[in-house]
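Keep the structure open while reading.

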Amino acid sequence: MDFIKLCVGERFEHDMPEEGMSIVLANGAPLLTFNFSVSPGEIQAFLNGTASFALFAEQNHLFFLFKIEGFLDWSDLAFTIHLAGDETIDAGEAYLPFNLVLVEPDTKIVKGLRMVTVSQEFRSRLAELIRKQASEPFDTMTYYRGIGGLYDKYPTASDLLKQAVIIEQGGKTLPITHTR
């Protein structure tokens, strides 16, 4: 992916769904875009609310789960490295930044930017899941059917969260209270 320049008050000139969310890798870091109409109070919640992240993995499918207190309850986005171009995430020993972008859907103006890091353990788990995913053969239709099947099995983000492989709040790894 090419270098992305983002600035509050300027247009977001990149592809994204109308009124929704998307996740891509940009220079080895997740870029999570929220394309929502929001009030000034919601912008403040986006900028200042406690951010939490989790990963769900099953049948070589990977979901990012996330929430921002006061802005967004637990939500999810499916992800496959096979559709990420030449991007990847290295295991590394450093914290991994999640770049969060809030965009007004009608004007495409960036309303908020934020970076929240996750721990080395989260980064390591994500890199491992992506390596495993990359090593498997990929078929687009099979992928989307598999995602549909997982949504049938786990219809809400909360259902996916109950089976998460790791959950973090603001870089702090939280204990997983379920068993597999």
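Q: Which residue forms a salt bridge with Glu13?
A: This is a predicted model. The cut-off for a salt bridge is a side-chain nitrogen of Lys or Arg within 4 Å of a carboxyl oxygen of Asp or Glu. The closest N and O atoms of this pair are 2.9 Å apart. The partner of Glu13 is Arg11.

Q: Is Glu13 buried or exposed?
A: Exposed means over 50% relative accessible area. Glu13 has 55% relative accessibility, so Glu13 counts as exposed.

Q: Which elements of the chain does the pair Lys153 and Glu58 link?
A: Lys153 forms a salt bridge with Glu58, with the closest N and O atoms 2.9 Å apart. The two residues sit 95 residues apart, in distant parts of the chain. Lys153 belongs to residues 140-153 and Glu58 to residues 51-58. The elements are helix α3 and strand β3.

Q: Is Glu58 buried or exposed?
A: Buried means under 20% relative accessible area. Glu58 has 15% relative accessibility, so Glu58 counts as buried.

Q: How far apart are the closest N and O atoms of Asp159 and Lys162?
A: Asp159 is partly exposed, at 21% relative accessible area. Lys162 counts as exposed, at 52%. The two form a salt bridge. Their closest N and O atoms are apart by 3.9 Å.

Q: What is the radius of gyration of the protein?
A: The protein has 4 helices and 9 strands. The globule rule gives 16 Å for 180 residues, and the protein is close to that, so it is as compact as a globular protein of that length. Its radius of gyration is 16 Å.

Note on methods. Residues are numbered from 1 along each chain as its sequence is written. This is a predicted model: local features need pLDDT of at least 70, side-chain atom pairs count only at pLDDT 80 or more; totals for chains, interfaces and linings use all residues. Side-chain values use heavy atoms; hydrogens and water are left out. The radius of gyration is taken over C-alpha atoms; the globule rule is 2.2 Å times the number of residues to the power 0.38. Buried means under 20% relative accessible area, exposed over 50%, partly exposed in between (1.4 Å probe, protein chains only).
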